[in-house]
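Open your viewer and get ready to select side chains as we go. Each stop tells you what to pick next and what is there.

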Amino acid sequence: MNVTELLAGLQAQHDETTTRAGELRDQIQHLTAALAETEARLADLATTAKVIAELAPAGGEPDPPETNTAYQAIVNAFNQHPGQVFRARELHELLGMPTDEASVNITRSRLGRLTRQGFLTQPGRGRYQKRT
């Protein structure tokens, strides 16, 4: 290898390194800007939390969440009858819920969601059972 080839190789490496340094500077500028925006957002959130805490009634506990939702009633029914298979309308009758078609369809949707979440299985079309 002669000196000219060696210098050409060094120049190529210099050019590549210069390009990479420029890319890294651009990334640093972008990350610096993103960091500044994020820190400003954190400051805004802290201020908001402080203002809300000052305006909230002293010593007041938040209202407890509703404890008897339709999902909870359905889950409770399956927990009380773990081996039994139910249809949506049968659940309505068991729980004393309205048996009109619209209400039953909403429960079918809820049962489908509980099935997708793994709480229930579907041993047959339109039939639901607690997963064991």
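Start by selecting Arg108 and Glu101: their side chains meet in a salt bridge, 3.2 Å from N to O (a side-chain nitrogen of Lys or Arg within 4 Å of a carboxyl oxygen of Asp or Glu). This is a predicted model, where local features need pLDDT of at least 70 and side-chain atom pairs count only at pLDDT 80 or more, while totals for chains, interfaces and linings use all residues. Residues are numbered from 1 along each chain as its sequence is written, and side-chain values use heavy atoms, leaving out hydrogens and water.

Salt bridges that share partners join Arg89, Glu101 and Arg108 into one network.

Next, show H3 (residues 88–95) and H4 (residues 101–116) whole: their axes come within 9 Å and cross at roughly 110 degrees (axes are lines fitted to C-alpha atoms over the stretch in contact, with angles from 0 to 180 degrees between N-to-C directions). The two helices are therefore roughly perpendicular (65 to 115 degrees).

Finally, move to helix H1 and select Glu23 and Arg20. The two form a salt bridge, with the closest N and O atoms 3.7 Å apart, and sit three residues apart, about one turn of the helix.

Technical notes:
Helices (H or I, at least four residues) and strands (E, at least two) are DSSP runs, numbered from the N terminus. Angles under 35 degrees count as roughly parallel, over 145 as roughly antiparallel, 65 to 115 as roughly perpendicular and the rest as oblique.
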